[in-house]
Every structure is written in C-alpha cells, then in structure tokens.
Amino acid sequence: MRDLTVPLRLIAIMSDGEFHSGEQLGSELGMSRAAINKHIHTVREWGLDIFTVPGKGYKLPAAIQLLDRDKILAALPEGNVDVLPVIDSTNQYLQDRITQLRSGDACVAEYQQAGRGRRGRQWFSPFGSNLYLSMYWKLDQGPAAAMGLSLVIGIVTAEVMQQLGAKDVRVKWPNDLYLKDRKLAGILVELTGKTGDAAHLVIGAGINLRMREPAANVINQGWINLQEAGIEIDRNELTVTLLRELRAALRKFELEGLSSFISRWRNLDNFIDRPVKLLIGDKEIHGIERGIDPQGALLLELDGEVKTFIGGEISLRGTE
C-alpha cells in the first residue's frame, strides 16, 4: 500500500477552507511544488474537490471537520474504536479481525475505497464528507435471534440523528434512513454463524452529511445529505453518540428481542399508511404500507387485506 502520509497532511492543512500556496505547502512538507501537485491529485481521487487559483494556490470549497481520535476515545472509554483515515471498507476491516473482537468494538473512517451497500452495491464514500462506521456484535442466541436486528439499528440511528438536530429523519424498511423522501443513510448488517452457534454480526452505517454530486452511474436513487437540508451535525459527536446508543440498544435487543422496538419503528416509519410498491425480484406489488409485524416483516394492505413480506425493497408508488 502506498504511503498516504503526505495526502493526509495536505488535507489536515487545508481543512480550514483557506487558500494555501504551492510554495507554502512545499515548504511545510519539505518537497517541490510539482510533488505537491501530484499529492493533490491523490486527494482529488478520494472525492475531495480542490480548487486551484493562479497566484493564490489550493483551496477546499469549505472547511471540513476531521475525525478526532482522541476526542472519540475519551468519550467512549469502554470498548475499542479504531479511527482510520483511508480504508477499503469499514465492514471488511472488522470482518478481517472478527476473531479478535468483543461486542461493541468498532471502527470509523474518513474515506472508503470500496464501501458497499446491500446486494453488493457500491457505497459512494468521499473523504471527510460523511460518516462511515461499523460495529461488531456477538449474539450468543444464534443467527435466528438476529431477525429484525437491522430494524433496531435503523431506529437507533434515526433517533440519534433527531437528537442531534436532524428532526425529520425517518426510517425505511428494512434498513435505510430517509429525509424529505430521499435516502440519507444506509445500513448493512453482515452475519456469520451456524445454527446452534453464536452469531457474529458486523453492522455498518453510511450517513450522508455533506456530499458533492457523484457520477450518475454511482448512485441509482434519489439521495440527500444534511448540508443540503441546512443541518450541521458534529461528526465526532455523531460517532460517539451513535456507538453509545447502539451498544445499549443491542444489549436490550438481546434480552427482549424486537418487541420493545415496534412502537418506536412506527413513530419513525417514513412510509406508514402511504401507497408503496414492493419489488421482489421481477415482481412488483402495490399496496398501503402498514408498518412491521413482531418479527420485523413488512405489512402491506392489499385490497383490504394485510399481508406480510420478509424480502424486497419498497418505494413510494410512482417513484424510482
């Protein structure tokens, strides 16, 4: 893996959102202006826009808030949290270390080179713009007990974001967060373990805090970020609060299952009592969304009869 020290130092210097000349950067980092330009190219590859203005130098469009390892660890004395600059995928990072982890151990990254969403989709992950976080949990009750767990993760994440100022964040079955009827965050729960053994869970969340427009072929649905909605949330505070609340919720889930979360889901459900379409493979089902059942299955009213569905994806009828 190539040395990332210089690009990371460049980002730290330019995170103030001010102009920095190539000469100044070269002097600070002990290299030529041509070498600085080469490393600027790397930073741009990570999804950060950097303006170049003759006579002024380089500048980010706005100041960015970097993850603060010391602040995060000081606020979370229990459990391990790895704060990483550049990584392939936060979920994969934990998967690779799963035998060494304890429940609640986590990682958070500035940039994912190969972030992934549900069904193997790419998760667009520009540097320093959003929150990319994963946490490990061991369920001694086994894989069957994990049913509905992704809904709990969605509930907790939405409630934390509301608590921190994003009051209109809602959940979408089974594991997305929505704001103004557009996708704000995705949750990916990956499970390993056989029946009769403990289940090992890696829970990933990607939350759009501020994000430039990606290429059209990268994201295939309507999305939104908090900055666009006029909301600012401290990334370090979000990391700390989310991990603290997820750990508490999963302890509760171990004891009580999904039952105590059902009413909380209904209060947050973006699609409750609205006409939706459910896509299952090539099949399209139209109905009125009526929430979830005690096992976390989707409830759809079809011609006056409520039926349950455990797979597929929903959207508002006539969209996506």
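Biologist: Before we look around, what are helices and strands here?
Modeller: Helices are DSSP runs of H or I with at least four residues, strands are DSSP runs of E with at least two, and both are numbered from the N terminus. Keep in mind that this is a predicted model.

Biologist: Okay. Where is Ser15?
Modeller: Ser15 is in the loop between helix 1 and helix 2, and helix 2 covers 22-29.

Biologist: Is Ser15 buried or exposed?
Modeller: Buried: the relative accessible area of Ser15 is 15%, and the cut-off for buried is under 20%.

Biologist: And what does Ser15 touch?
Modeller: If you skip residues up to four places away in sequence, Ser15 touches Leu60, Ala63, Ile64 and Leu66.

Biologist: Back to helix 1. How do the axes of helix 1 and helix 3 cross?
Modeller: Helix 1 is residues 5-14 and helix 3 is residues 33-45; their axes come within 9 Å and cross at roughly 85°. Angles of 65 to 115 degrees count as roughly perpendicular, so helix 1 and helix 3 are roughly perpendicular to each other.

Biologist: Which residues meet there?
Modeller: From helix 1 you have Val6, Pro7, Leu10, Ile11 and Met14, and they meet Ile36, His39, Ile40, Thr42 and Val43 of helix 3. Sorted by class, this contact of helix 1 with helix 3 has eight nonpolar residues, two polar ones and no charged ones.

Biologist: What holds strands in a sheet together, in general?
Modeller: Strands of a sheet pair through backbone hydrogen bonds, in parallel or antiparallel fashion.

Biologist: So which way do strand 3 and strand 4 run, parallel or antiparallel?
Modeller: Parallel, with six bridges joining strand 3 (residues 81-87) to strand 4. For example, Val81 stands opposite Ala106 in strand 4, and Val86 stands opposite Tyr111 in strand 4.

Biologist: How many residues of strand 4 are buried?
Modeller: Seven of the seven, residues 106-112, so strand 4 is largely enclosed by the rest of the structure.

Biologist: How many bridges join strand 12 to strand 13?
Modeller: Five, between strand 12 (residues 298-302) and strand 13, and the two run antiparallel. Leu302, for instance, stands opposite Glu305 in strand 13.

Biologist: Phe309 is found in strand 13 too. What is Phe309 in contact with?
Modeller: Leaving out neighbours within four places in sequence, the contacts of Phe309 include Trp173, Leu278, Ile280 and Leu300. Phe309 is buried, at a relative accessible area of 14%.

Biologist: Speaking of Trp173, what kind of peptide bond joins Trp173 and Pro174?
Modeller: A cis one, with omega about 0°. Pro174 is in the loop between strand 6 and strand 7. Most peptide bonds are trans, and most residues other than glycine have a negative phi.

Biologist: Then what is the phi of Asp181, and of Asp273?
Modeller: Near 65° for Asp181, which is a positive value, and near 65° for Asp273, also positive. Asp181 is in the loop between strand 7 and strand 8, while Asp273 is in the loop between helix 8 (262-268) and strand 10 (275-280). Asp181 is partly exposed at 34% relative accessible area, and Asp273 is partly exposed at 42%.

Note on methods: Residues numbered from 1 in each chain as written. Predicted model: local features only at pLDDT ≥ 70, side-chain atom pairs only at ≥ 80, totals over all residues. Heavy atoms only, no water. Axes fitted to C-alpha atoms, helices over the stretch in contact; angles between N-to-C directions. Parallel < 35°, antiparallel > 145°, perpendicular 65-115°, else oblique. Contact = heavy atoms within 4.5 Å. Nonpolar A, V, L, I, M, F, W, Y, C, P; charged D, E, K, R; others polar. Buried < 20%, exposed > 50% of the residue type's maximum accessible area, 1.4 Å probe, protein only. Pairing = 2+ DSSP bridges.
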